[in-house]
Amino acid sequence: MKKAINVKKIVVIAICLIVFVIIVSVVLKQTFFNPKPITEIKKNEVYIGGSGFEYPESDQSRYYVEFKDDGTYILMYDDSRRSQDSYWEDGSLGVPVIECYFGKYKCKNGNYLINPTKGCIAEFKDAASVDKNLINFYKEKNYEKDFRAVGDIVCKLKNGRYMLGAPTEDKKSYRKDVYYYLLYNKSDIKKLPSNPEEFRKQFKMDKKAEQERLAEQSQ
């Protein structure tokens, strides 16, 4: 009888230990490993934002932003991770695309106002070309004399978190009627290209596709 009681105690203790280890593992993961919204912006560190308030899934579009010590910033939009069917939803003939912007920022009332001076865009023919880094279109644009380039804002919310979005007219917050991205730590990219040349060097050009595009434009 005593042996049976001891066995039951051992089983109960073992179960309790297993439950304890699981709880500790979950707490540690949520505390140290899961992405968290940022409450502080550090220079020379890349932050990531998914659409709205969510951390982006592996196949979702996302923004990356990095603020430099010299008053410049880098903003990159990546919509190259979806499946081919996703780009053709609702009859749309969309393609994977990555855009990168370089410019200057000003910090005012805890918010970061960012204005582009240069931008570049790389387009892929299809989703299969993404893994090959093979693009069929590339373009650069200078925004220094483009007064229509309003820029974006990284604003501090009341809860201390930071949101990337289009600035309101008074440039104190972000517009809720267009895109906005809550910024998180745990970016899957640690270094962004520092200029358009560095951005362009990441890709190979599909010469045949580019020639066909240029031929169509000239008609």
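**Reading cysteines and rings**

Tutor: Let's start inside: C100 has 0% relative accessibility, so C100 is buried (under 20% relative accessible area; exposed is over 50%, partly exposed in between, using a 1.4 Å probe and protein chains only). This is a predicted model, where local features need pLDDT of at least 70 and side-chain atom pairs 80 or more, while totals for chains, interfaces and linings use all residues. Residues are numbered from 1 along each chain as its sequence is written, and side-chain values use heavy atoms, without hydrogens and water.

Student: How many disulfides does the rule give?

Tutor: A disulfide is a covalent bond between the sulfur atoms of two cysteines. The test here is a pair of cysteine sulfur atoms within 2.5 Å, and the count is zero.

Student: What about aromatic pairs: how many does the structure hold?

Tutor: Phe, Tyr and Trp rings (six-membered ring for Trp) pair if their centres lie within 6.5 Å; planes under 30 degrees apart are stacked, over 60 edge-to-face, the rest tilted. There are 15 pairs here. One of them is F53 with Y180: centres 5.9 Å apart and planes at 70 degrees, so edge-to-face.
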